[in-house]
Amino acid sequence: MMITRRVFTTMLSLTGLAVAAGLSPLRLITEAMAQSTSDVAKPVSLPDMALGPDNAAVTITEFASMTCPHCAAFNEQVFPKIKKEFIDTGKVRYIFREFPLDIKAAAGSMLARCIANGDAPKYFAVTDMLFRSQADWVTKNTTETLARIGKQAGLSQSQVEACLKDQALLDKIAADQKYASEVLKVDSTPTFFINGEKIKGEASFEEFAKKINPLLKS
């Protein structure tokens, strides 16, 4: 979907919005290299939110939607192991990029950006909180629930409202989504790139390790 302000303001007021199509379980699929590793590495409109050193031997870039249940499962079950084994030890740089599959996901991403205000560790903490409480804020009144989350993170009600009405931020998320779709051929979430190689769908920690370890030795 391409996000527009009219669609955003209309749909965000609805409750119980069905999650967009394309979220069925995906088997692990590895594809050919993207057009180039530099295509993946290039931030488009928004600065990258990343953990790990800039000069790490391996870079993982994740494209995720905040309302995607498979993304939430990966965040809870696999990402902590990757962080402990590879990111915290300086072996991997991990980049998270927004690829909202519905309007509620766009709102969640906007809130995470506003709360973090450029602080990557804080951004990852907020996305973790949103993923873990996904069933709560996606299925209930989104604006009210996100406002509560924002206030818990230190934003005022007016700051949350301003964030969710920030057309410039929404346009940047949409532009980055368009680039990922058209240039990198991302069409589902989660999608990962490991040093340019695409992996679609949920994968276990062991599957990630099999991809990462040989790159660390090369």
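**Strand pairing, helix packing and backbone geometry**

Q: Which residue in β5 stands opposite Thr61?
A: Phe193 of β5 stands opposite Thr61. The structure is a predicted model, in which local features need pLDDT of at least 70 and side-chain atom pairs count only at pLDDT 80 or more, while totals for chains, interfaces and linings use all residues. Residues are numbered from 1 along each chain as its sequence is written, and side-chain values use heavy atoms, leaving out hydrogens and water.

Q: How many bridges join β3 to β5, and in which sense do they run?
A: Strand β3 (residues 58-64) is joined to β5 by four bridges, and the two run antiparallel. Strands pair if DSSP finds at least two bridges between them. Strands (E, at least two residues) and helices (H or I, at least four) are DSSP runs, numbered from the N terminus.

Q: And which sense does the pairing of β5 with β6 take?
A: The pairing of β5 with strand β6 (residues 197-200) is antiparallel, over four bridges. Within this pair, Ile194 stands opposite Glu197 of β6.

Q: What do β5 and β6 form, and what is the phi of Asn195?
A: They form a hairpin with two residues between the strands, and Asn195 in the turn has a positive phi of about 50°.

Q: Which way do the residues of β5 point, and are they buried or exposed?
A: In strand β5 (residues 191-194), Thr191 and Phe193 point one way, Phe192 and Ile194 point the other way, and all are buried. Buried means under 20% relative accessible area, exposed over 50%, and partly exposed in between (1.4 Å probe, protein chains only).

Q: What is the phi of Lys185, and where is its place?
A: Lys185 has a positive phi of about 65°, although it is not a glycine. Lys185 also belongs to the loop between α10 and β5, and its relative accessibility of 47% makes it partly exposed.

Q: And Asn117: what phi does it have, and is it buried or exposed?
A: Asn117, again not a glycine, has a positive phi of about 50°. Asn117 lies in the loop between α5 and α6 (120-132) and is exposed, with a relative accessible area of 68%.

Q: Turning to the helices, at what angle do α5 and α10 pack?
A: The angle between α5 and helix α10 (residues 167-182) is about 115°, and their axes are 10 Å apart. That makes α5 roughly perpendicular to α10. Axes are lines fitted to C-alpha atoms, for helices over the stretch in contact, and angles run from 0 to 180 degrees between N-to-C directions. Angles under 35 degrees count as roughly parallel, over 145 as roughly antiparallel, 65 to 115 as roughly perpendicular, and the rest as oblique.

Q: Which residues make that contact between α5 and α10?
A: Helix α5 contributes Ala106, Ser109, Met110, Arg113 and Cys114, while α10 contributes Leu169, Leu170 and Ile173. Contact means heavy atoms within 4.5 Å.

Q: How do α5 and α8 cross?
A: The axes of helix α5 (residues 103-116) and α8 come within 11 Å and cross at roughly 20°, so the two helices are roughly parallel to each other. Lys104, Ala107, Gly108, Leu111 and Ile115 of α5 meet Thr142, Leu146, Ile149 and Gly150 of α8.

Q: Is Ile149 buried or exposed, and what is it in contact with?
A: Ile149, in helix α8 (residues 142-152), is buried at 7% relative accessible area. Apart from neighbours within four places in sequence, Ile149 is in contact with Leu111, Met129, Leu130, Ser133 and Trp137. Leu111 is 38 residues away from Ile149 along the chain, and their C-alpha atoms are separated by 8.9 Å.

Q: Where is Met49 found, and is it buried or exposed?
A: Met49 is found in strand β2 (residues 49-51) and is buried, with a relative accessible area of 4%. Beyond neighbours within four places in sequence, the contacts of Met49 include Tyr94, Phe96, Arg113 and Phe124. Met49 and Lys122 are 73 residues apart in sequence, with 9.6 Å from C-alpha to C-alpha.

Q: Lastly, how do α3 and α4 cross?
A: Helix α3 (residues 69-77) and helix α4 (residues 79-87) have axes that come within 4 Å and cross at roughly 40°, so they are oblique to each other. Phe74, Asn75, Glu76 and Gln77 of α3 make the contact with Phe79, Pro80, Lys81 and Ile82 of α4.
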